[in-house]
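Morning, everyone. Please look at the screen, and we will walk through how two chains meet.

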Amino acid sequence: MSVDTEETHQRLKAAVHYTVGRLCQKIGEDHRRQFSRQAIAAIAETTFRQCDIFAKDLEAFARHAKRSTVSVDDVKLVARRSTALSIYIQNKSEELTQEHLGLKKKTTGKRKSIETEKSRE
Amino acid sequence: MAERDVEVSFKKDTVSKLLSSFFKEDKTKLSGDATLLMAEMLKVFVQEAAVRSQKQAESEDCDQVEIEHFEKILPQLLLDF
C-alpha cells in the first residue's frame, strides 16, 4: 500500500512541478527575470508540502461541521489568514455560484422554447 | 493575429487527487466547487511565491531568480498563508 502512495505522490509531484514551472515562466516573462531550475523545484516542493497542510485543515473543518465532504465554506476558512486572499476566494466562490445559476437558466430557456413549438403544432 | 494567453492553472483532477491523498480518513471527500477554489488558492500561492522571489532578486540586483531568493521570502509566505 505504501508503495502505491509513493508512486501516486511522485506522479502528483511531477504534475505540480509542471504547472509551477509554467506559472513561474509567465511571471519571469512579465518581469524579465528568469527563474533558475532550482528555484522552480523548490517552489514546487513547497507547494506540494503546503497541500498537506491545506488538506489536513480542510478535513478538520469538515469534520468539525460533522460533514464528510469538504465544502466551499471549508476552503473559505483555510483562506482566513490574509484579508486579500479571503476576499479573492469569496469572489471566486460567487463567480462559481453565478455560473451554476447561469447553466440552470439556459436549460430552463430551452425547455420553454420547445414547449412553445409544441403548443403551436 | 494577437492570441490571448492561455490561463495557466492547476487541473481540477490533479488538485482533487493531491488533496485526497493527504486526507487522514478514507471517507473524506472534496466537493467539485471546493476543488476548483483550492485550485485557485494553489495558483495564488505559487504566484505569491514567484512574485516575492522575483522582487527579492530585483532588490539584490540579480539577473536571475535563484533558490536563495525564494528561501529568503519563504518564512513570511508561510505565515501569510
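Between chain A and chain B there are two salt bridges. That term means a Lys or Arg side-chain nitrogen within 4 Å of a carboxyl oxygen of Asp or Glu. In one of them, A:R63 meets B:E25, with 2.5 Å from N to O.

A word on the source. This is a predicted model, where local features need pLDDT of at least 70 and side-chain atom pairs count only at pLDDT 80 or more, while totals for chains, interfaces and linings use all residues. Residues are numbered from 1 along each chain as its sequence is written, chains are lettered from A and ligands numbered from 1 in the order in which they are written, and side-chain values use heavy atoms, with hydrogens and water left out.

Now the contact itself. On chain A, 49 residues touch 50 residues of chain B; contact means heavy atoms within 4.5 Å. Together the chains bury about 4800 Å², and 74% of that lies on carbon and sulfur atoms. Buried area is the accessible area (1.4 Å probe) that two parts lose on being put together, summed over both.

Last, the strands. β1 of chain A pairs with β1 of chain B, residues 29-30, in the parallel sense over two bridges. Strands here are DSSP runs of E, at least two residues, numbered from the N terminus. They pair if DSSP finds at least two bridges between them. A:T69 has B:K29 as its bridge partner.

Technical notes
Helices (H or I, at least four residues) and strands (E, at least two) are DSSP runs, numbered from the N terminus.
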